Every structure is written in C-alpha cells, then in structure tokens.
Amino acid sequence: MNGVMYAAAGAGNHPTVLNLHGTPGNEQNLDIAQALRRAGYNVLSFHYRGSWGCPGKFTQAGGVDDGVAALAFLQNSSVVARFRIDTKRLIVIGHSYGGFVAARVAAAHPNIAALVLIAPWSPAQDIPLFTVPPEQFAAAAHSIFDDVEGRMGGYSDVDMAREILTPGYDWRLETSAEGIKNLPSLILTAKYDTPDDEGTELVAALSHLHAADVTTISMDTDHPFSDHRIALEGQILKWLQQRTSRSATSASPR
C-alpha cells in the first residue's frame with residue numbers, strides 16, 4: 001500500500017496516529033496530519049489496496065484488513081525504532097468509510113490509546129437505497145457513490161453497492177460498540193451530513209453499554225467539514241492532548 005509517515009520532530013518517543021481516509025479518498029485529512037505532527041504526533045496516512053494506484057483489488061471489507069495491517073506496521077520493531085513510536089499511545093482516526101474501518105480496527109485492538117471518528121459511515125444504513133428494481137440499481141449506486149470511478153482500480157459504484165448487499169458481512173457501524181466501549185472516543189459529526197454518516201446508532205449503543213469516555217461534537221458544516229477545517233483540527237488536537245499528552249508537550253513542534 002502507498003503511504004506517507006508524517007514524522008514528528010523532537011526528542012523521545014511520539015504518540016502515533018493511523019489516519020484512515022474515506023472512499024474514494026478525495027479528502028485525505030492531510031491538514032489534520034500536519035497539525036498533529038506540529039504538536040508532536042507521528043501520523044501514518046495511506047491508500048487502501050486497489051485505490052489511487054495501489055496494487056491489488058479494492059473491496060470495502062478488504063479496507064478493514066488494510067487498516068489492521070497498517071496498525072500492525074506501526075508496531076513492527078524496526079518501524080517503532082525508526083520513527084520513535086510510543087506503542088502505548090497509538091491512535092486511530094477515520095473519516096467517513098475510514099470511520100467505519102477505524103471502529104472495526106479499534107474494536108479488534110482495544111489496546112490502542114484513543115479513537116477519533118469523523119462523520120463515520122454506517123454502510124448498513126444505505127441498504128434500503130439499493131433495494132430497488134434491477135433496472136434502477138446502477139442509477140441508485142451512482143447516486144450514492146458518484147465519485148468512485150477511476151479511483152478504486154476498477155472497483156465501481158455498482159460493485160460497492162453489491163458488496164454491501166452481499167450476505168455474510170456485518171456492515172453496521174454500531175457492531176463495533178462492544179469492542180470500543182472502554183476506549184476514549186471522539187465522534188465528530190456535521191450538521192448538513194446525511195443520516196448514514198452521523199454515527200447515531202453507534203453513540204446510542206455506546207451509551208447503552210455505559211462507555212467510559214465518549215465525546216460527541218457536532219459542527220455547522222458538511223461531510224468533508226469544508227469550511228470548518230481549522231476548527232476540526234483544533235477540536236481533535238485539544239481532545240487528544242487531554243488523553244495522550246504524557247510527552248506530546250515535550251516534543252519540539254515541527
């Protein structure tokens with residue numbers, strides 16, 4: 001997978017972020033990566049297999065596997081030494097589909113330090129939109145995934161819709177609640193977003209499980225937080241520093 005490590009400057013080991021973008025990845029949140037690096041965090045940002053020129057074939061389920069592999073990469077001894085990673089302060093951040101991936105990765109690895117979900121997508125909520133007569137299926141898929149073509153290595157909007165409808169995989173975001181209930185979690189949503197990206201069911205499930213540390217913030221903006229990027233960076237950094245700041249303040253800004 002093609003990726004970039006935004007390596008923090010300064011002495012000592014650094015808290016390190018796995019940054020997971022959505023599909024197709026037009027918004028990679030690299031401004032957030034740079035803001036976090038300035039504050040002393042390493043940030044790994046990568047493209048899923050089959051997307052944006054990466055080898056392999058993209059699938060949404062496969063993207064979860066890629067997130068797990070990327071987290072394992074950050075715990076590899078040579079990588080830890082090279083980038084001075086504090087493995088006790090690994091953080092996962094995901095936006096949209098990346099939020100779904102982040103929740104799944106964190107649920108499977110509850111030893112991470114914190115989880116940030118930005119407009120997390122729950123694919124299961126789109127299933128009714130694809131339950132249409134066959135002659136309308138392609139149009140329905142394009143209406144939801146209208147920016148996929150050419151970016152996902154031959155994986156089309158119709159392929160995305162079909163994968164969500166295929167039995168055997170749980171596409172509900174809230175299924176991750178049990179695995180992340182003990183993690184400090186920040187869930188940021190946008191006022192003008194669609195219901196499938198608001199994390200409503202996940203927040204309800206975490207509340208039902210009496211999750212220890214869940215912060216929810218809604219911003220007066222759209223799905224990519226277009227006019228609230230600096231505010232978004234500030235909220236994430238402030239929240240993270242309250243939970244992972246043991247040595248973040250001792251690292252020299254870059």
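**Close-up views of a predicted model**

**View A. Helix 7 and the elements that cover it.** The buried residues of helix 7 (residues 157–165) are covered by elements that include helix 2 (60–73), helix 5 (127–130) and helix 6. This is a predicted model, in which local features need pLDDT of at least 70 and side-chain atom pairs count only at pLDDT 80 or more, while totals for chains, interfaces and linings use all residues. Residues are numbered from 1 along each chain as its sequence is written, and side-chain values use heavy atoms, with hydrogens and water left out. Helices (H or I, at least four residues) and strands (E, at least two) are DSSP runs, numbered from the N terminus. In helix 7, the residues Asp157, Val158, Met160, Ala161, Glu163 and Ile164 are buried, where buried means under 20% relative accessible area, exposed over 50% and partly exposed in between (1.4 Å probe, protein chains only).

**View B. The crossing of helix 6 and helix 7.** Helix 6 (residues 134–144) packs against helix 7 at an angle of about 100 degrees, with the axes 8 Å apart; axes are lines fitted to C-alpha atoms, for helices over the stretch in contact, and angles run from 0 to 180 degrees between N-to-C directions. Helix 6 is therefore roughly perpendicular to helix 7, on a scale in which angles under 35 degrees count as roughly parallel, over 145 as roughly antiparallel, 65 to 115 as roughly perpendicular and the rest as oblique. Phe137, Ala138, Ala141 and His142 of helix 6 meet Asp157, Val158, Ala161, Arg162 and Leu165 of helix 7, contact being defined as heavy atoms within 4.5 Å. By class, this contact between helix 6 and helix 7 comprises six nonpolar, one polar and two charged residues (Ala, Val, Leu, Ile, Met, Phe, Trp, Tyr, Cys and Pro count as nonpolar, Asp, Glu, Lys and Arg as charged, and the others, Gly among them, as polar).

**View C. Leu165 in helix 7.** Leu165, which lies in helix 7, is partly exposed, with a relative accessible area of 33%. Not counting residues up to four places away in sequence, Leu165 touches Ile127, Phe130 and Phe137. Leu165 and Asp65 are 100 residues apart in sequence, and their C-alpha atoms are 19 Å apart in space.

View D. Seven strands form an open sheet in the order 1-3-2-4-5-6-7, with mixed pairing; two strands pair if DSSP finds at least two bridges between them. Strand 1 and strand 7 (214–219) are the edge strands, each pairing on one side only, and the twist averages 15 degrees from one strand to the next. Strand 5 (residues 114–118) and strand 6 (residues 185–190) run parallel and are joined by four bridges, with Leu186 in strand 6 as the bridge partner of Val116. Helix 1 lies across strand 1, strand 2, strand 3, strand 4 (85–95) and strand 5, and runs at about 30 degrees to strand 1. Helix 10 (residues 229–244) also packs on the sheet, where it touches strand 2, strand 4, strand 5, strand 6 and strand 7, and its direction makes about 165 degrees with that of strand 5.

**View E. Strand 3 and its two neighbours.** Strand 3 (residues 42–46) is mostly covered, five of its five residues being buried. Asn42, Leu44 and Phe46 point one way from the strand, whereas Val43 and Ser45 point the other way. Strand 1 (residues 3–6) runs antiparallel to strand 3 and is joined to it by four bridges, with Leu44 as the bridge partner of Met5. Strand 2 (residues 14–20) pairs with strand 3 in the parallel sense, over four bridges, and Asn19 stands opposite Ser45.

View F. Most residues other than glycine have a negative phi, and most peptide bonds are trans. Thr23 and Pro24 are joined by a cis peptide bond, with omega at about 0 degrees, and Pro24 is found in the loop between strand 2 and helix 1. Ser96, in the loop between strand 4 and helix 4 (97–108), has a positive phi of about 60 degrees although it is not a glycine, and Ser96 is buried, with a relative accessible area of 12%. Ala119, in the loop between strand 5 and helix 5, has a positive phi of about 45 degrees although it is not a glycine, and Ala119 counts as buried at 0% relative accessibility.
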